[in-house]
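Reader: Before we discuss the surroundings of the ligand and the pockets, could you put the sequence and the model on the page?

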Amino acid sequence: MQPILSIEGISKSYGSIQALQNVSYEVPQGAVFGLLGPNGSGKTTMLSIILDILKADTGSFNWFGKPGSPETRKRIGSLLETPNFYHYLSAVDNLKITSAISGRGNDQSIDEVLKIVKLFESKNSRFSTYSLGMKQRLAIGAALLGNPEVLLFDEPTNGLDPVGIAEIRELIKELAKQGKTIIMASHLLDEVEKVCTHVAIMKRGKLLAAGPVDEVLANEDIVELASANPMNLKTAMTNFPGYSSIKENGELIQLYFPIGKAPMEDINRYCFDNGIVLQQLILKKKSLEAKFFELTND
Ligand code: ATP
């Protein structure tokens with residue numbers, strides 16, 4: 001299937017700061033695509049480029065298989081900065097103004113949008129009376145006007161309390177279920193893991209990895225082994241089937257297995273059959289945090 005968005009070799013500098021360096025990836029249709037990276041890694045710059053707000057120095061991108069045009073822009077809804085809603089107006093009146101200015105949606109679709117973002121019941125309350133979470137849901141509602149196929153959100157849960165965060169994450173999953181493709185920037189690994197199907201990991205303007213979340217952020221089981229003679233142990237274990245990598249960590253030998261696939265009893269028996277008596281046999285789960293740290297650390 002043709003990707004919704006393909007990015008090819010995009011670079012962008014602000015004076016001497018290189019915000020993006022030769023970044024390429026594809027966003028498949030129907031994905032919830034997380035752009036993951038610490039502050040300053042270039043996420044907002046990339047979102048601005050693919051929305052034609054900023055121009056890349058080099059590289060190109062295609063939406064729906066074509067270079068961007070006003071027509072393709074109508075198929076994309078975005079929330080980069082909190083829109084300037086009028087505090088003294090209701091949700092419905094604010095969206096009427098947004099709709100009139102942007103030319104997206106109509107009065108009937110405003111009610112539909114308010115239902116999707118769960119503000120229909122309070123649609124006539126003044127914006128100033130809304131909680132932060134409700135304000136953010138209204139901002140997402142504004143991005144939904146005109147029923148775009150693709151949604152771009154920059155740090156959509158930033159600054160919200162835990163309830164507000166949970167509501168926005170649920171809303172994003174709900175929108176994905178309805179068939180929208182969603183691209184969202186986040187600096188939270190946990191958020192990307194909970195919400196996204198795909199991820200691109202950025203660090204200082206460089207792409208570190210991209211692909212399905214369960215591949216890129218694959219959790220692994222680590223088995224730690226120790227015996228009186230670590231070299232013998234390592235040599236013997238290289239012939240053991242099924243591990244993905246083997247490492248030495250001081251006196252310890254570490255075997256990495258896909259999650260849930262570490263055969264502890266088999267390892268124990270194998271060592272004994274090979275004349276090795278283990279002093280230690282421990283199963284450790286590698287946390288995603290550790291993996292992210294590894295990926296984003298120098
Ligand atoms: P954040 O979440 O903090 O916005 P980010 O991952 O979105 O981070 P960008 O905002 O794209 O990253 O910034 C990438 C780099 O470019 C940073 O070093 C930032 O300081 C720099 N930068 C961004 N915008 C400008 C600008 N208008 N002028 C100069 N430098 C900029």
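Reader: How do the residues of the shell around the ligand divide into nonpolar, polar and charged?

Author: They divide into four nonpolar, six polar and one charged, where Ala, Val, Leu, Ile, Met, Phe, Trp, Tyr, Cys and Pro count as nonpolar, Asp, Glu, Lys and Arg as charged, and the others, Gly among them, as polar. This is a predicted model, in which local features need pLDDT of at least 70 and side-chain atom pairs count only at pLDDT 80 or more, while totals for chains, interfaces and linings use all residues. Residues are numbered from 1 along each chain as its sequence is written, and side-chain values use heavy atoms, with hydrogens and water left out.

Reader: Which residues surround the ligand?

Author: The ligand is surrounded by Tyr14, Ile17, Ala19, Pro38, Asn39, Gly40, Ser41, Gly42, Lys43, Thr44 and Thr45, a residue being near a molecule if one of its heavy atoms lies within 4 Å of it. Helix 1 (43-50) and strand 2 (17-27) each supply at least two residues of this shell, and helix 1 gives the most, with three residues; helices (H or I, at least four residues) and strands (E, at least two) are DSSP runs, numbered from the N terminus.

Reader: How much space lies in the largest pocket?

Author: About 540 Å³ of space lies in the largest pocket, a pocket being an open set of points on a 1 Å grid over the protein atoms alone, with protein on both sides within 12 Å along at least five of seven lines, and lining residues having an atom within 4 Å of a point. Of the 23 residues that line the largest pocket, the closest to its centre are Ser78, Pro83, Thr98, Ser102 and Ala142. Helix 3 supplies the largest share of that lining, five residues.

How values were computed:
On a 1 Å grid over the protein atoms alone, a cavity is a set of points where a 1.4 Å probe fits but cannot get out, and a pocket is an open set with protein on both sides within 12 Å along at least five of seven lines; lining residues have an atom within 4 Å of a point. Grid points are joined across faces, edges and corners, and a volume is the space filled by probe spheres set on the points.
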